[in-house]
Amino acid sequence: ESLRQRQECVDFLKDEFLRPQNRLLIFSTHVVSTADTFISLLPGIEGSQRGYELKRLPVLNDLREAQGLIPAWTASSFSWCARSAALSYEISRNAIRPEQKVKDCSDLQDKDLRDALSGVVRSALLGEGRVVLPRWQVLLDVLKDGTAVWPPCYLQTVFEVLAGAFHERDFGPSCRSIVSELTKLEQAKAKSGDAWEGVVIAAIAMRLLLLEWGEWHPAGDLLPADLCGSRFGGVVEDATSVNAAELWKKLDEDGRLQPVTQAAAPHLRSRTAFLVVPRHAQFKQYDLFVVVVPVQGKRVVWGFQCKEGRKNPDGATAEPVDVDLGVWLRGEAKAKTLNPRDWRVPGDTAVDVLLGESLKEAAPLRWLRQ
């Protein structure tokens, strides 16, 4: 459609429904909410005394009901589309592809690019829609309380655009890691556990990214307190080690867990946080680690186990080894029957805090483990 046609449509809506008295307009995007005020959808009516009420489109809460709409999809596939019935249906029939909706950011210079990344991360974790670039705000959904949330399909694509803009410098590799994890929501096989693992890794990676802006938003007691005041050293992956002891030996030999230097004073080093993700299919006991490396002294290592289903593999609750603390991310269901030794087992509410606003809304564990 042409710009002229768009303007004619806007003028028609204003003249027929917004300016005259005793008129009512019901407006639907058919996908997700595209703005948190109706005025931003129809510019030029500032000062109008008309009120508006914003309602979300229906969200799927029952997997059987969802699969009645799209039988071939898994719980994680619907999570990728924020459990929005309309968005899921449109994407399933290829009427919409996220990459068609996300505008490029190659025009941004370094500081603006960093600010754009910070805004995306803060919005995904904290629900602050106003910090997002205007060109991307139309991709957000808005809850009743005004919290802005990202459908993961759009969040993934925005991180992909940012990764391309950063290339291999600065935050490019970390953005690509988040893209890789969010992609699991769309592609993971049912009951594989990959989707839940991807959600957790993406959420923690975003929290660690904010360290580069001097921000630390604690997630209850599910992340080390030592992260406060640290720098982020990036996501470290290893595909050869099969247990934690072997992993630490290899990473130490390769020098991949070193405190980063300060740009203003290259001779100084800062306490540095790393997200370590083992990629060997047979890696024992853990799915990811958060490591805080001080300039001097002993590093702090927390190991995380992400179990999506209700049944635990043999030996899964063995005492955590080669870490300072083990965190079992599986929620409250039947947690008492696990009796895991020396594992921290949070409930669903605590896990939601860790995930942040967007991912807890789209992909809560109670939905994925159906």
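Helix H7 crosses helix H11 in a left-handed sense. A crossing is left-handed if the near helix is turned anticlockwise from the far one by less than a right angle, and right-handed if clockwise. Helices (H or I, at least four residues) and strands (E, at least two) are DSSP runs, numbered from the N terminus. The model is predicted: local features need pLDDT of at least 70, side-chain atom pairs count only at pLDDT 80 or more, and totals for chains, interfaces and linings use all residues. Residues are numbered from 1 along each chain as its sequence is written, and side-chain values use heavy atoms, with hydrogens and water left out.

H7 spans residues 110-126 and H11 spans residues 194-209. The two pack at an angle of about 125°, and their axes are 10 Å apart. That angle makes H7 oblique to H11. Axes here are lines fitted to C-alpha atoms, for helices over the stretch in contact, and angles run from 0 to 180 degrees between N-to-C directions. Angles under 35 degrees count as roughly parallel, over 145 as roughly antiparallel, 65 to 115 as roughly perpendicular and the rest as oblique. On the H7 side, the contact (heavy atoms within 4.5 Å) is made by Val-121, Ala-124 and Leu-125. On the H11 side, Ala-203, Met-206, Arg-207 and Leu-209 take part. By class, this contact has six nonpolar residues, no polar ones and one charged residue. Ala, Val, Leu, Ile, Met, Phe, Trp, Tyr, Cys and Pro count as nonpolar, Asp, Glu, Lys and Arg as charged, and the others, Gly among them, as polar.

The contact of H9 with H10 has 11 nonpolar, three polar and two charged residues.

Across the whole chain, there are 15 helices and 10 strands. Of its 370 residues, 51% count as buried. Buried means under 20% relative accessible area, exposed over 50%, and partly exposed in between (1.4 Å probe, protein chains only). Among contacts with a separation of 6 or more, 58% join residues 24 or more positions apart.

The largest nonpolar core has 88 residues. Such a core is a set of buried Ala, Val, Leu, Ile, Met, Phe, Trp, Tyr and Cys residues joined through side-chain atoms within 4.5 Å. The residues with the most contacts inside this core include Trp-136, Trp-150, Phe-159 and Trp-196. H11 gives the most to the core, with 12 residues. Leaving aside neighbours within four places in sequence, Trp-136 is in contact with Val-102, Lys-103, Cys-105, Ala-116, Val-120, Trp-150, Val-158, Val-161 and Leu-162. A second, separate core of 17 residues includes Phe-274, Val-276, Val-291 and Val-323.

Leu-133 lies in the loop between H7 and helix H8 (134-137). Leu-133 is buried, at 18% relative accessible area. Beyond residues up to four places away in sequence, Leu-133 touches Leu-108 and Ala-116. Leu-133 and Cys-105 are 28 residues apart in sequence and 9.5 Å apart in space, C-alpha to C-alpha.

Helix H5 covers residues 85-92 and contains Ser-88. The buried residues of H5 are Ala-85, Leu-87, Ser-88 and Ile-91. Their cover includes helix H3 (63-69), H4, helix H6 (98-101) and helix H9 (152-166). Ser-88 has a relative accessible area of 0%. Apart from neighbours within four places in sequence, Ser-88 is in contact with Ile-70, Trp-73, Phe-78 and Cys-81.

Backbone angles were also examined. Most residues other than glycine have a negative phi. Ala-82 has a positive phi, near 60°. Ala-82 sits in the loop between helix H4 (75-80) and H5 and is buried, at 11% relative accessibility. Asn-94, which follows H5, also has a positive phi near 60°. Gln-285 has a positive phi of about 75°. Gln-285 is found in the loop between strand E6 (272-278) and strand E7 (288-293). With a relative accessible area of 24%, Gln-285 is partly exposed.
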